[in-house]
Amino acid sequence: MAGEPQADCLFCKIVEGNIPATIVRETETTVAFRDINPQAPSHVLVIPKAHYADAASLAAGAPELAADVLREAGHVAADEKIVEHGYRVVFNTGAGAGQTVFHAHAHVLGGRGLQWPPG
């Protein structure tokens, strides 16, 4: 069920403290941690503590929580000192778009040039 922890979800296990992660920020509703396979010098994931499979279901089911995730993405960018030169916030939605963990999450990327379209 949306919003409820899923026993087989990697990110739910990180939220619960059962799997270690390098946490850089935490609020009442979100957790931000370093990606284990960084695609940029700064690559942090921001997730809601509640389980939603993807960004679309998060936005539909809990728009205020989606706003929390985006707000925290901005705070992460400021903390990482990547605001001045620009950063990217990416939500991969669905396997065809590269989503591998089906718990909504925003990638905050920066610290290098980020051309468009991505290579």
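User: Where does Pro-117 lie?

Analyst: Pro-117 sits in the segment after β5. The peptide bond from Trp-116 into Pro-117 is cis, with omega near 0°. Keep in mind that this is a predicted model: local features need pLDDT of at least 70 and side-chain atom pairs count only at pLDDT 80 or more, though totals for chains, interfaces and linings use all residues. Residues are numbered from 1 along each chain as its sequence is written, and side-chain values use heavy atoms, with hydrogens and water left out.

User: Why is Lys-81 called exposed?

Analyst: Exposed means over 50% relative accessible area, buried means under 20%, and partly exposed is in between (1.4 Å probe, protein chains only). Lys-81 has 68% relative accessibility, so it counts as exposed. You'll find Lys-81 in the loop between α3 and β4. Its phi is positive, about 60°, although Lys-81 is not a glycine.

User: And why does Phe-11 count as buried?

Analyst: Phe-11 has 4% relative accessibility, so it falls on the buried side. Phe-11 lies in helix α1, residues 10-16. Neighbours within four places in sequence aside, it is in contact (heavy atoms within 4.5 Å) with Phe-33, Leu-45, Ile-47, Val-101, His-103 and His-105.

User: How do you know that the span of α3 agrees with its number of residues?

Analyst: The expected span is 1.5 Å times one less than the number of residues. Helix α3 has 17 residues (63-79), so it should span 24 Å; its end C-alpha atoms are 24 Å apart, which agrees.

User: Which strands does α3 lie across?

Analyst: α3 lies across β1, β2, β3, β4 and β5, running at about 155° to β3. That angle compares N-to-C directions, from 0 to 180 degrees, of axes fitted to C-alpha atoms, for helices over the stretch in contact. The sheet itself is open, with five strands in the order β1-β2-β3-β5-β4 and antiparallel pairing.

User: Why are β1 and β4 called edge strands?

Analyst: Two strands pair if DSSP finds at least two bridges between them. β1 and β4 each pair on one side only, and are the edge strands. β4 and β5, for instance, pair over four bridges.

User: What makes a nonpolar core, and which residues touch the most other members of the largest one?

Analyst: A core is a set of buried Ala, Val, Leu, Ile, Met, Phe, Trp, Tyr and Cys residues joined through side-chain atoms within 4.5 Å. The largest has 16 residues, and Val-46, Tyr-52, Leu-58, Val-76 and Val-108 touch the most other members. α3 gives the most to this core, with six residues.

Note on methods
Helix = DSSP H or I, 4+ residues; strand = E, 2+ residues; numbered from the N terminus.
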